[in-house]
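Visitor: I am new to this structure and would like to go through it step by step. Could you show it to me before I begin asking?

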Amino acid sequence: MTKTEQAVKNMEALCTDNSHGYDQTNRWGPDYDCSSAVITAWQDAGVPVKASGASYTGNMYSVFLSCGFKDVTAQVNLATGAGLQRGDVLLNHRNHTAMYVGYGTLAQASQNEDGGTTGGQPGDQTGNEIRLRSYYNFPWDVVLRFVDSTPEPTPEPAPEPAGETCTVTAEYPVLRYDPTQKSVWVKNLQNFLIERGFDIGWMGADGYYGAATQGAVKKFQEDNKIPVTGVVDSVTWAKLISI
């Protein structure tokens, strides 16, 4: 596994583990803020950005460059995200950073359960403090890409056509109706649906795949002319996160 892939998996793990929340005061674990999350993901993947002095968005750029990253901003359309690769670090020098994880999606630590930066409870109280979401331009100042000494990973496959047998990657599991089990992945699904204007019910992104969420998924599938099953498979995920 490349260091880039390990860093991405580290960041994805933060997004799917509610023991990690957002806090700018206690920010080096188990809670994180935007910069400490990205820095830690790379440090734990074997790229010594924290050990080399990266500590907040204002000094990440120079330290990351010294640790083997290159500035690839010119290769990326920041408005749309075109040209981004899995593992790219999106950086606004003053205010924010995130990691692109592929399929039109980024991972970020954004705010605590009260919509602030300090004073919340430990852990992710809402499922939104550290989360996956569709790409957006913060706006970003630069895009940084690590130059791995190991071979480049296989490019992302194109979304599979509707109606064919689908293989879902580990990053995007199959989700189906189950109102008894709470899941961070269901919260991520619900947040994507909300962002796209679909009604998931008055409970909001609560992590339970109930009737309202199933109805929203079916409406999304119908509107996008993919099989209306209520099951979130690879075809549905690919369409959902590419819009």
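Visitor: To begin, which residue takes a positive phi just after α4?

Guide: That residue is Gly 197, with a positive phi of about 90° just after α4. Helices (H or I, at least four residues) and strands (E, at least two) are DSSP runs, numbered from the N terminus. Please note that this is a predicted model, in which local features need pLDDT of at least 70 and side-chain atom pairs count only at pLDDT 80 or more, while totals for chains, interfaces and linings use all residues. Residues are numbered from 1 along each chain as its sequence is written, and side-chain values use heavy atoms, with hydrogens and water left out.

Visitor: How many residues of α4 are buried?

Guide: In α4, 10 of the 12 residues are buried, so the helix is largely enclosed by the rest of the structure. Buried means under 20% relative accessible area, exposed over 50%, and partly exposed in between (1.4 Å probe, protein chains only). Among the buried residues are Trp 185, Lys 187 and Phe 192.

Visitor: What span should helix α4 have?

Guide: Helix α4 covers residues 184-195 and should span 16 Å at 1.5 Å a residue. The expected span of a helix is 1.5 Å times one less than its number of residues. The end C-alpha atoms of α4 are 17 Å apart, which agrees.

Visitor: And which residue caps the N-terminal end of α4?

Guide: Ser 183 does, with a side-chain oxygen 3.0 Å from the backbone nitrogen of Trp 185.

Visitor: Now the sheet. What is the order of its strands?

Guide: The open sheet has 6 strands in the order β1-β6-β2-β3-β4-β5, with antiparallel pairing. β1 and β5 (130-134) stand at the edges, each with a single partner strand, so one side of each is left without a neighbour in the sheet. From one strand to the next, the twist averages 30°; this angle comes from axes that are lines fitted to C-alpha atoms, for helices over the stretch in contact, and angles run from 0 to 180 degrees between N-to-C directions.

Visitor: How many bridges are there between β1 and β6?

Guide: Strand β1 (residues 69-71) pairs with β6 in the antiparallel sense over 3 bridges. Two strands pair if DSSP finds at least two bridges between them. Phe 69 stands opposite Phe 146 in β6. Strand β2 (residues 89-92) also pairs with β6 in the antiparallel sense, over 3 bridges, and Leu 90 has Val 143 as its bridge partner in β6.

Visitor: Are the faces of β6 covered or exposed?

Guide: Both faces of β6 are covered. Val 142, Leu 144 and Phe 146 are buried on one side, and Val 143 and Arg 145 are buried on the other.

Visitor: What about β3 and β4: where is the positive phi in their hairpin?

Guide: Tyr 103 takes a positive phi near 55° in that hairpin, which has 2 residues between the strands. Strand β3 (residues 96-102) and strand β4 (residues 105-109) pair in the antiparallel sense over 3 bridges, and the bridge partner of Gly 102 in β4 is Thr 105. On its other pairing, β4 is joined to β5 by 5 bridges, and these two strands run antiparallel. Leu 106 stands opposite Arg 133 in β5.

Visitor: Changing topic, how many aromatic pairs does the count come to?

Guide: The count comes to 9 aromatic pairs. Rings of Phe, Tyr and Trp (its six-membered ring) pair if their centres lie within 6.5 Å; planes under 30 degrees apart count as stacked, over 60 as edge-to-face and the rest as tilted. The rings of Phe 69 and Phe 146 have their centres 5.2 Å apart and their planes at 55°, so this pair is tilted. The pair links distant parts of the chain, since Phe 69 in strand β1 and Phe 146 in strand β6 are 77 residues apart.

Visitor: Is Phe 69 buried or exposed?

Guide: Phe 69 counts as buried, at 5% relative accessibility. Phe 146 is buried as well, with a relative accessible area of 12%.

Visitor: Which residues form a cluster with them through ring pairs?

Guide: Ring pairs link Trp 42, Phe 64, Phe 69 and Phe 146 into a cluster.

Terms used:
Polar contact = N/O pair within 3.5 Å; in protein donor to acceptor, adjacent residues only side chain to side chain.
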